[in-house]
Amino acid sequence: MTVTLADVAARARVSPATVSRVLNGNYPVAASTRERVLRAVDDLDYVLNGPASSLAAATSDLVGILVNDIADPFFGIMAGAAQTQIGGPGDGSGRAGGEKLAVICNTGGSPERELTYLTLLQRQRAAAVVLTGGAVEDPAHQAAMSAKLTKLADAGTRIVFCGRPPLPEGDALVAALAFDNRGGGRRLAEHLISLGHRRIGYVAGPPERTTTRHRLEGHREALRAAGLDTAPDEADGGRSPDDQDRLTVHGPYDRRSGYEATLELLRRAPDVTAIVAANDTVALGACAAVRDQGMRIPQDISVAGFDDLPFSVDAVPALTTVRLPLFEAGARAGRLAMGKENPPPGGIATIAAELMIRGSTAAPRG
(Lines give C-alpha, C1' and ligand atoms only; values in the text may rest on other atoms or scores of the structure.)
Protein backbone atom coordinates (compact mmCIF):
# COMPACT_ATOMS: atom_id res chain seq x y z
CA MET A 1 0.00 0.00 0.00
CA THR A 2 1.29 3.47 -0.89
CA VAL A 3 2.38 5.56 2.08
CA THR A 4 0.80 9.00 2.03
CA LEU A 5 1.85 12.35 3.39
CA ALA A 6 -1.01 12.02 5.91
CA ASP A 7 0.49 8.75 7.15
CA VAL A 8 3.79 10.52 7.81
CA ALA A 9 1.97 13.36 9.59
CA ALA A 10 0.16 10.90 11.84
CA ARG A 11 3.37 9.04 12.64
CA ALA A 12 5.21 12.29 13.48
CA ARG A 13 2.20 13.75 15.33
CA VAL A 14 2.17 16.92 13.21
CA SER A 15 -0.08 18.35 10.50
CA PRO A 16 0.33 17.39 6.82
CA ALA A 17 1.26 21.01 6.17
CA THR A 18 4.20 20.70 8.56
CA VAL A 19 5.41 17.55 6.80
CA SER A 20 5.22 19.40 3.48
CA ARG A 21 7.21 22.31 4.87
CA VAL A 22 9.95 20.01 6.17
CA LEU A 23 10.25 18.08 2.90
CA ASN A 24 10.16 21.16 0.69
CA GLY A 25 12.48 23.16 2.93
CA ASN A 26 10.63 26.38 2.15
CA TYR A 27 9.47 27.34 5.64
CA PRO A 28 11.26 27.43 9.02
CA VAL A 29 10.41 24.46 11.26
CA ALA A 30 11.68 23.77 14.77
CA ALA A 31 14.66 21.41 14.77
CA SER A 32 12.95 18.87 17.04
CA THR A 33 9.86 18.84 14.81
CA ARG A 34 11.95 18.50 11.68
CA GLU A 35 13.83 15.55 13.19
CA ARG A 36 10.54 13.86 14.15
CA VAL A 37 9.17 14.28 10.64
CA LEU A 38 12.32 12.97 8.98
CA ARG A 39 12.36 9.98 11.30
CA ALA A 40 8.77 9.20 10.34
CA VAL A 41 9.66 9.54 6.66
CA ASP A 42 12.50 7.04 7.08
CA ASP A 43 10.43 4.65 9.20
CA LEU A 44 7.62 4.57 6.65
CA ASP A 45 9.95 4.81 3.63
CA TYR A 46 7.80 7.63 2.28
CA VAL A 47 8.46 8.71 -1.30
CA LEU A 48 7.72 12.32 -2.21
CA ASN A 49 4.53 12.71 -4.26
CA GLY A 50 3.64 9.13 -3.43
CA PRO A 51 -0.18 9.64 -3.23
CA ALA A 52 -0.52 9.71 -6.98
CA SER A 53 -0.98 5.97 -7.50
CA SER A 54 -0.95 6.38 -11.25
CA LEU A 55 2.64 7.60 -10.94
CA ALA A 56 3.73 4.90 -8.53
CA ALA A 57 6.04 3.26 -11.03
CA ALA A 58 6.92 6.37 -13.04
CA THR A 59 10.46 7.76 -13.05
CA SER A 60 11.83 11.24 -13.54
CA ASP A 61 14.52 12.63 -15.83
CA LEU A 62 17.05 12.37 -13.01
CA VAL A 63 20.04 10.00 -12.87
CA GLY A 64 22.19 9.87 -9.74
CA ILE A 65 25.91 9.06 -9.91
CA LEU A 66 27.37 8.21 -6.52
CA VAL A 67 31.11 8.77 -6.01
CA ASN A 68 33.39 8.69 -2.98
CA ASP A 69 35.30 11.84 -3.93
CA ILE A 70 34.66 13.81 -7.10
CA ALA A 71 38.08 15.48 -6.70
CA ASP A 72 39.76 12.07 -7.09
CA PRO A 73 40.46 11.47 -10.81
CA PHE A 74 39.46 7.80 -10.39
CA PHE A 75 35.87 8.86 -9.68
CA GLY A 76 35.89 12.04 -11.74
CA ILE A 77 36.82 10.18 -14.93
CA MET A 78 34.11 7.54 -14.48
CA ALA A 79 31.45 10.09 -13.52
CA GLY A 80 32.34 12.36 -16.44
CA ALA A 81 32.25 9.48 -18.90
CA ALA A 82 28.87 8.31 -17.59
CA GLN A 83 27.51 11.81 -17.93
CA THR A 84 28.43 11.91 -21.62
CA GLN A 85 25.94 9.09 -22.18
CA ILE A 86 23.30 10.38 -19.76
CA GLY A 87 23.22 14.09 -20.50
CA GLY A 88 24.28 13.85 -24.11
CA PRO A 89 24.92 16.71 -26.50
CA GLY A 90 21.25 17.28 -27.39
CA ASP A 91 20.26 18.55 -30.81
CA GLY A 92 22.01 21.91 -30.54
CA SER A 93 18.78 23.76 -29.80
CA GLY A 94 19.13 23.81 -26.03
CA ARG A 95 16.08 21.56 -25.70
CA ALA A 96 16.27 18.17 -24.00
CA GLY A 97 15.52 15.22 -26.23
CA GLY A 98 16.03 11.78 -24.74
CA GLU A 99 18.65 13.05 -22.31
CA LYS A 100 18.51 12.86 -18.53
CA LEU A 101 19.83 15.16 -15.83
CA ALA A 102 22.91 13.59 -14.23
CA VAL A 103 23.47 14.56 -10.60
CA ILE A 104 26.80 13.78 -8.91
CA CYS A 105 26.38 12.66 -5.29
CA ASN A 106 29.64 12.94 -3.33
CA THR A 107 29.52 10.55 -0.37
CA GLY A 108 32.94 11.32 1.05
CA GLY A 109 33.33 7.59 1.56
CA SER A 110 30.58 7.57 4.21
CA PRO A 111 28.30 4.48 4.17
CA GLU A 112 25.58 6.49 5.91
CA ARG A 113 25.79 9.24 3.29
CA GLU A 114 25.58 6.63 0.54
CA LEU A 115 22.26 5.37 1.93
CA THR A 116 21.00 8.93 2.39
CA TYR A 117 21.64 9.77 -1.25
CA LEU A 118 19.85 6.61 -2.36
CA THR A 119 16.85 7.62 -0.25
CA LEU A 120 16.85 11.10 -1.78
CA LEU A 121 17.08 9.64 -5.28
CA GLN A 122 14.22 7.27 -4.44
CA ARG A 123 12.06 10.22 -3.40
CA GLN A 124 12.89 11.96 -6.66
CA ARG A 125 11.94 8.80 -8.61
CA ALA A 126 15.34 8.69 -10.28
CA ALA A 127 15.36 6.95 -13.66
CA ALA A 128 18.71 5.34 -12.84
CA VAL A 129 21.46 5.21 -10.24
CA VAL A 130 25.14 4.55 -11.00
CA LEU A 131 27.29 3.56 -8.01
CA THR A 132 31.04 3.82 -8.56
CA GLY A 133 34.11 2.49 -6.76
CA GLY A 134 34.65 -0.09 -4.05
CA ALA A 135 31.94 -1.11 -1.60
CA VAL A 136 32.10 -1.23 2.19
CA GLU A 137 32.36 -4.82 3.42
CA ASP A 138 30.07 -4.48 6.41
CA PRO A 139 27.18 -6.99 6.60
CA ALA A 140 24.75 -4.49 8.14
CA HIS A 141 25.51 -1.87 5.49
CA GLN A 142 25.33 -4.43 2.68
CA ALA A 143 21.89 -5.56 3.93
CA ALA A 144 20.69 -1.96 4.08
CA MET A 145 22.04 -1.31 0.59
CA SER A 146 20.35 -4.43 -0.79
CA ALA A 147 17.01 -3.41 0.73
CA LYS A 148 17.26 0.15 -0.57
CA LEU A 149 18.31 -0.91 -4.08
CA THR A 150 15.47 -3.44 -4.18
CA LYS A 151 12.96 -0.67 -3.51
CA LEU A 152 14.53 1.53 -6.15
CA ALA A 153 14.48 -1.28 -8.71
CA ASP A 154 10.87 -2.16 -7.86
CA ALA A 155 9.94 1.45 -8.62
CA GLY A 156 11.53 1.23 -12.07
CA THR A 157 14.98 2.69 -11.33
CA ARG A 158 17.86 1.09 -13.23
CA ILE A 159 20.76 0.20 -10.93
CA VAL A 160 24.30 0.06 -12.35
CA PHE A 161 27.53 -0.67 -10.47
CA CYS A 162 30.68 0.73 -12.11
CA GLY A 163 34.06 -0.46 -10.86
CA ARG A 164 32.20 -2.19 -8.06
CA PRO A 165 31.42 -5.85 -7.41
CA PRO A 166 27.78 -6.94 -6.99
CA LEU A 167 26.27 -7.26 -3.55
CA PRO A 168 26.21 -10.74 -1.96
CA GLU A 169 22.43 -10.69 -2.39
CA GLY A 170 20.29 -9.06 -5.04
CA ASP A 171 22.59 -9.63 -8.01
CA ALA A 172 19.59 -9.74 -10.36
CA LEU A 173 18.79 -6.15 -9.47
CA VAL A 174 21.91 -4.62 -10.98
CA ALA A 175 24.24 -4.54 -13.92
CA ALA A 176 27.70 -4.71 -12.34
CA LEU A 177 30.88 -3.71 -14.17
CA ALA A 178 33.64 -4.98 -11.86
CA PHE A 179 37.32 -4.26 -12.41
CA ASP A 180 39.74 -7.20 -12.18
CA ASN A 181 41.54 -5.68 -9.19
CA ARG A 182 42.72 -9.07 -7.97
CA GLY A 183 44.27 -9.97 -11.33
CA GLY A 184 45.87 -6.55 -11.65
CA GLY A 185 47.40 -6.81 -8.20
CA ARG A 186 48.77 -10.24 -9.01
CA ARG A 187 50.34 -9.18 -12.32
CA LEU A 188 51.98 -6.15 -10.74
CA ALA A 189 53.57 -8.26 -8.00
CA GLU A 190 54.66 -10.85 -10.57
CA HIS A 191 56.42 -8.10 -12.52
CA LEU A 192 58.39 -7.00 -9.45
CA ILE A 193 59.25 -10.60 -8.56
CA SER A 194 60.48 -11.21 -12.12
CA LEU A 195 62.87 -8.27 -11.70
CA GLY A 196 64.36 -9.93 -8.64
CA HIS A 197 62.54 -8.15 -5.79
CA ARG A 198 62.02 -10.34 -2.73
CA ARG A 199 61.11 -7.81 -0.05
CA ILE A 200 58.10 -5.84 -1.29
CA GLY A 201 56.23 -3.36 0.90
CA TYR A 202 52.55 -2.67 0.30
CA VAL A 203 50.67 0.56 1.05
CA ALA A 204 47.04 -0.59 1.11
CA GLY A 205 43.77 1.31 1.12
CA PRO A 206 41.09 1.22 3.86
CA PRO A 207 40.68 -2.39 5.04
CA GLU A 208 36.88 -2.31 4.86
CA ARG A 209 36.77 -1.62 1.10
CA THR A 210 36.35 -4.35 -1.53
CA THR A 211 38.91 -2.66 -3.78
CA THR A 212 41.52 -2.82 -1.02
CA ARG A 213 40.91 -6.48 -0.29
CA HIS A 214 40.91 -7.63 -3.92
CA ARG A 215 44.11 -5.79 -4.86
CA LEU A 216 45.90 -7.02 -1.75
CA GLU A 217 44.70 -10.60 -2.33
CA GLY A 218 46.11 -10.55 -5.86
CA HIS A 219 49.41 -9.19 -4.57
CA ARG A 220 49.71 -11.93 -1.96
CA GLU A 221 48.69 -14.65 -4.40
CA ALA A 222 51.75 -13.78 -6.47
CA LEU A 223 53.98 -13.79 -3.39
CA ARG A 224 52.67 -17.21 -2.35
CA ALA A 225 53.25 -18.64 -5.81
CA ALA A 226 56.86 -17.44 -5.64
CA GLY A 227 57.34 -18.71 -2.09
CA LEU A 228 57.67 -15.15 -0.75
CA ASP A 229 54.60 -14.99 1.49
CA THR A 230 56.75 -15.62 4.59
CA ALA A 231 60.30 -14.70 5.48
CA PRO A 232 63.11 -16.47 7.36
CA ASP A 233 62.96 -15.95 11.11
CA GLU A 234 66.28 -14.57 12.29
CA ALA A 235 66.06 -16.37 15.63
CA ASP A 236 65.84 -19.98 14.50
CA GLY A 237 65.89 -20.06 10.72
CA GLY A 238 62.18 -20.92 10.59
CA ARG A 239 59.38 -19.08 8.86
CA SER A 240 57.55 -15.98 10.08
CA PRO A 241 53.88 -16.20 9.01
CA ASP A 242 53.08 -12.60 9.96
CA ASP A 243 55.79 -11.04 7.80
CA GLN A 244 53.37 -9.89 5.10
CA ASP A 245 51.28 -8.09 7.70
CA ARG A 246 54.42 -6.27 8.81
CA LEU A 247 55.08 -5.30 5.19
CA THR A 248 51.54 -3.93 4.74
CA VAL A 249 50.25 -0.57 6.01
CA HIS A 250 46.63 0.51 5.51
CA GLY A 251 45.36 4.05 5.06
CA PRO A 252 43.09 6.31 2.98
CA TYR A 253 43.43 6.52 -0.80
CA ASP A 254 45.30 9.83 -0.74
CA ARG A 255 48.80 11.24 -1.16
CA ARG A 256 49.35 11.95 2.53
CA SER A 257 48.58 8.35 3.41
CA GLY A 258 51.10 7.18 0.82
CA TYR A 259 53.77 9.43 2.31
CA GLU A 260 53.19 8.48 5.95
CA ALA A 261 52.65 4.77 5.29
CA THR A 262 55.88 4.56 3.28
CA LEU A 263 57.87 6.12 6.11
CA GLU A 264 56.34 3.53 8.43
CA LEU A 265 57.21 0.70 6.02
CA LEU A 266 60.81 1.87 5.76
CA ARG A 267 60.99 2.01 9.55
CA ARG A 268 59.57 -1.52 9.92
CA ALA A 269 61.55 -3.07 7.10
CA PRO A 270 64.49 -0.98 5.87
CA ASP A 271 65.46 -3.87 3.58
CA VAL A 272 62.45 -3.49 1.26
CA THR A 273 63.49 -2.96 -2.36
CA ALA A 274 60.06 -2.16 -3.80
CA ILE A 275 56.82 -0.56 -2.66
CA VAL A 276 53.41 -1.17 -4.22
CA ALA A 277 50.84 1.56 -3.58
CA ALA A 278 47.07 1.13 -3.38
CA ASN A 279 46.58 3.60 -6.23
CA ASP A 280 48.53 6.18 -8.21
CA THR A 281 47.71 9.05 -5.85
CA VAL A 282 49.05 7.03 -2.92
CA ALA A 283 52.09 6.18 -5.06
CA LEU A 284 52.93 9.88 -5.47
CA GLY A 285 53.09 10.19 -1.69
CA ALA A 286 55.24 7.06 -1.54
CA CYS A 287 57.66 8.53 -4.09
CA ALA A 288 57.95 11.75 -2.07
CA ALA A 289 58.69 9.81 1.11
CA VAL A 290 61.36 7.71 -0.62
CA ARG A 291 63.09 10.84 -1.95
CA ASP A 292 62.89 12.59 1.43
CA GLN A 293 64.78 9.62 2.86
CA GLY A 294 67.60 10.29 0.41
CA MET A 295 66.84 7.35 -1.88
CA ARG A 296 66.48 7.28 -5.66
CA ILE A 297 63.68 5.73 -7.74
CA PRO A 298 64.19 3.09 -9.10
CA GLN A 299 67.93 2.75 -8.39
CA ASP A 300 67.49 2.33 -4.63
CA ILE A 301 63.84 1.38 -4.40
CA SER A 302 61.11 0.72 -6.96
CA VAL A 303 57.59 2.20 -6.61
CA ALA A 304 54.41 1.12 -8.42
CA GLY A 305 50.81 2.29 -8.37
CA PHE A 306 47.40 1.24 -9.61
CA ASP A 307 44.69 2.76 -11.90
CA ASP A 308 46.92 4.55 -14.49
CA LEU A 309 45.51 7.97 -13.71
CA PRO A 310 46.43 10.70 -16.23
CA PHE A 311 49.33 12.10 -14.20
CA SER A 312 51.08 8.73 -13.75
CA VAL A 313 52.90 8.92 -17.08
CA ASP A 314 54.12 12.45 -16.24
CA ALA A 315 55.63 11.49 -12.89
CA VAL A 316 59.44 11.45 -12.77
CA PRO A 317 60.24 8.70 -13.41
CA ALA A 318 57.00 7.65 -15.09
CA LEU A 319 54.99 5.38 -12.82
CA THR A 320 54.66 1.65 -13.37
CA THR A 321 51.01 0.96 -12.69
CA VAL A 322 47.94 -1.11 -13.57
CA ARG A 323 45.64 0.48 -16.12
CA LEU A 324 41.91 0.36 -15.50
CA PRO A 325 39.77 1.60 -18.43
CA LEU A 326 37.96 4.15 -16.28
CA PHE A 327 36.50 6.26 -19.09
CA GLU A 328 35.33 3.25 -21.07
CA ALA A 329 33.73 1.68 -17.98
CA GLY A 330 32.02 4.94 -17.04
CA ALA A 331 30.63 5.42 -20.54
CA ARG A 332 29.32 1.86 -20.58
CA ALA A 333 27.68 2.39 -17.19
CA GLY A 334 26.00 5.49 -18.59
CA ARG A 335 24.65 3.56 -21.57
CA LEU A 336 23.34 0.83 -19.27
CA ALA A 337 21.69 3.44 -17.06
CA MET A 338 19.96 4.93 -20.10
CA GLY A 339 18.90 1.56 -21.50
CA LYS A 340 21.06 2.13 -24.59
CA GLU A 341 22.97 -1.13 -24.04
CA ASN A 342 21.83 -4.56 -22.90
CA PRO A 343 23.18 -5.76 -19.55
CA PRO A 344 26.01 -8.31 -19.70
CA PRO A 345 25.12 -12.02 -19.37
CA GLY A 346 24.08 -12.69 -15.80
CA GLY A 347 24.22 -8.95 -15.12
CA ILE A 348 27.93 -9.03 -14.30
CA ALA A 349 30.98 -8.16 -16.42
CA THR A 350 34.61 -8.30 -15.30
CA ILE A 351 36.75 -5.59 -16.89
CA ALA A 352 40.37 -6.55 -17.50
CA ALA A 353 43.30 -4.65 -15.96
CA GLU A 354 46.49 -4.02 -17.96
CA LEU A 355 50.01 -3.79 -16.56
CA MET A 356 51.82 -0.61 -17.67
CA ILE A 357 55.59 -0.97 -17.13
CA ARG A 358 57.44 2.34 -16.88
CA GLY A 359 60.57 3.81 -15.35
CA SER A 360 59.69 3.67 -11.65
CA THR A 361 60.48 -0.05 -11.40
CA ALA A 362 63.76 -1.81 -12.09
CA ALA A 363 65.83 -4.72 -10.81
CA PRO A 364 67.14 -4.23 -7.26
CA ARG A 365 70.80 -3.32 -6.92
CA GLY A 366 73.17 -6.05 -5.85
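**Notes on the predicted model**

1. D300 is partly exposed, with a relative accessible area of 23%; here buried means under 20% relative accessible area, exposed over 50%, and partly exposed in between, with a 1.4 Å probe and protein chains only. D300 forms a salt bridge with R365, and the closest N and O atoms are 2.7 Å apart, a salt bridge being a side-chain nitrogen of Lys or Arg within 4 Å of a carboxyl oxygen of Asp or Glu. Because D300 lies in the loop between α11 and β11 while R365 belongs to the segment after β14 (354-356), the pair ties together parts that are 65 residues apart in sequence. R365 counts as exposed, at 60% relative accessibility.

2. A word on the basis of these values: this is a predicted model, in which local features need pLDDT of at least 70 and side-chain atom pairs count only at pLDDT 80 or more, whereas totals for chains, interfaces and linings use all residues. Residues are numbered from 1 along each chain as its sequence is written, and side-chain values use heavy atoms, with hydrogens and water left out. Helices (H or I, at least four residues) and strands (E, at least two) are DSSP runs, numbered from the N terminus.

3. Six strands make up an open sheet with parallel pairing, in the order β2-β1-β3-β4-β5-β13, where two strands pair if DSSP finds at least two bridges between them. β2 (101-106) and β13 stand at the edges with a single partner strand each, so one side of each is left without a neighbour in the sheet. Neighbouring strands of this sheet are turned by 15° against each other on average, direction ignored; axes are lines fitted to C-alpha atoms, for helices over the stretch in contact, and angles run from 0 to 180 degrees between N-to-C directions. Strand β5 (residues 174-179) runs parallel to β13 and is joined to it by four bridges, and L177 has A349 as its bridge partner in β13.

4. Helix α5 (residues 111-123) lies across β1 (62-67), β2 and β3 (128-132), and runs at about 180° to β1. With 13 residues, α5 reaches 19 Å from its first C-alpha to its last, close to the 18 Å expected at 1.5 Å a residue, the expected span being 1.5 Å times one less than the number of residues. The buried residues of α5 are E114, Y117, L118, T119, L121, Q122 and R123, and what covers them includes α3 (31-44) and α6 (139-154) as well as β1, β2 and β3. Just after α5, R125 takes a positive phi of about 55°.

5. What does the side chain of E114 meet in a salt bridge? The partner is R164, at 3.0 Å from N to O. E114 lies in helix α5 and R164 in the loop between β4 (158-162) and β5, so this pair ties together parts that are 50 residues apart in sequence. E114 is buried, with a relative accessible area of 6%, and R164 is buried as well, with a relative accessible area of 3%.

6. A search of the whole structure finds 22 salt bridges. One of them joins the side chains of R323 and E328 (3.3 Å, N to O); R323 is partly exposed, with a relative accessible area of 27%, and E328 counts as partly exposed at 42% relative accessibility.

7. P343 lies in the loop between α12 (326-338) and β13 (348-351), and counts as exposed at 53% relative accessibility. Leaving aside neighbours within four places in sequence, P343 is in contact (heavy atoms within 4.5 Å) with A175 and L336.
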